[in-house]
Amino acid sequence: MCNLCLHIHIPAKALFITGTMAMLFLGFVCLALNMLLNVRAQEGFISIDCGANKGYKDNTTNIFYNTDANFIDTGENRNISLNFSSDIFQEQLKNVRSFPEGVKNCYTLQPEQGKDNNYLIRAAFWYRNYDAMDQYPEFKLYLGVEEWDTVKLHNLSDMVWKEIIYLPKTDDIYVCLVNTGSGIPFISVLELRALGISIYNKTQSGSLVFFHRLNFGSATDDKVR
């Protein structure tokens, strides 16, 4: 009986390189899984920082905000007045998109779930004298051809939020700002959240306008986004 022993010599440098490659590969896998989990966690989300120059991940909510470049091709990006920028706690409120031209300017949202699903659509408007005119505009919001609400600001620090649960009949959702002759329309943030059809029953009009929200049982005052 013959015992054959094979001795393989692997230089320490090669082991070091192999170990480094393994760590890099493991890091890449972890990064890919983290990105996949973030994408899955935000399925049904459309989050737009209106007027931003680049997309980013919000440090507080971990929600990724896109620029509005792929959602609208009119309007112009503006930054809020430097006199107020130091008071801002949300990245989304540092800039706006304004619409000095045209009567009706529309964002086109195309949620993956498509038509006949409930969506929460939320828009924020924070003037903060971005145009250095000290004039508080008033304008209309429309969903396609249907009037949604009126945006009216009363002072420089006034922040207006508008929300609606909407059941679209088409795959495209048009969120429109309409100039009524009382100032230039603008917008700070536009968000869409897919709700499905089980949370709220379908209403006759297909829409439920926000009235009031209470978070019962919460131990904090943190916002749910």
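Reply: Gladly! Let's begin with a charge and a ring: the charged end of R193 sits over the ring of F45, 4.1 Å from its centre. Please keep in mind that this is a predicted model.

Me: What makes the charged end of R193 count as sitting over the ring of F45?

Reply: The distance part is simple to check. The charged end of R193 is 4.1 Å from the centre of the F45 ring, and the cut-off is within 6 Å. The charge must also be within 35 degrees of the ring normal, and R193 is counted as sitting over F45.

Me: Now the rings. How many aromatic pairs are there, and why is the pair of F125 and F139 called edge-to-face?

Reply: There are nine aromatic pairs in the structure. For F125 and F139, the ring centres are 5.7 Å apart and the planes stand at 70°.

Me: Are F125 and F139 buried or exposed?

Reply: F125 has a relative accessible area of 0%, and F139 is likewise listed at 0%. Buried means under 20%, so F125 is buried and F139 is buried.

Me: And why is the pair of F139 and F186 edge-to-face?

Reply: The ring centres of F139 and F186 are 6.0 Å apart and their planes meet at 65°; with over 60 degrees as the cut-off, the pair is edge-to-face. F139 is in strand β8 and F186 in strand β12 (residues 186–187), so this pair ties together parts that are 47 residues apart in sequence. F186 is also buried, at a relative accessible area of 0%. Ring pairs link F125, Y127, Y130, Y136, F139 and F186 into a cluster.

Me: How do you know that C106 and C176 form a disulfide?

Reply: Their sulfur atoms are 2.1 Å apart, and the cut-off is within 2.5 Å, so C106 and C176 form a disulfide. The structure holds one disulfide.

Me: Why is the disulfide of C106 and C176 called right-handed?

Reply: That comes from the torsion about the S-S bond, which is about 105°, so the disulfide is right-handed. C106 lies in strand β6 (residues 104–109) and C176 in strand β11 (residues 173–182), so the bond ties together parts that are 70 residues apart in sequence.

Me: What makes C106 partly exposed and C176 buried?

Reply: C106 has 25% relative accessibility. Partly exposed runs between the buried cut-off, under 20%, and the exposed one, over 50%, so C106 is partly exposed. C176 has 1%, so C176 counts as buried. C50 is buried too, with a relative accessible area of 0%.

Me: Which residues have the most contacts inside the largest nonpolar core?

Reply: They are Y107, I121, F125 and L190, in a core of 32 residues. The largest share of this core, four residues, comes from β7. Another core, of seven residues, lies apart from it and includes Y56, I63, A124 and W126.

Me: Why is K140 called partly exposed, and what does K140 touch?

Reply: K140 has a relative accessible area of 25%, between the 20% and 50% limits, so K140 is partly exposed. K140 lies in strand β8. Leaving out residues up to four places away in sequence, K140 touches E147, D149, T150, C176, L177, V178 and T180.

Technical notes: Residues numbered from 1 in each chain as written. Predicted model: local features only at pLDDT ≥ 70, side-chain atom pairs only at ≥ 80, totals over all residues. Heavy atoms only, no water. Phe/Tyr/Trp six-rings, centres within 6.5 Å; stacked < 30°, edge-to-face > 60°. Buried < 20%, exposed > 50% of the residue type's maximum accessible area, 1.4 Å probe, protein only. Helix = DSSP H or I, 4+ residues; strand = E, 2+ residues; numbered from the N terminus. Core = buried A, V, L, I, M, F, W, Y, C linked by side-chain atoms within 4.5 Å. Contact = heavy atoms within 4.5 Å.
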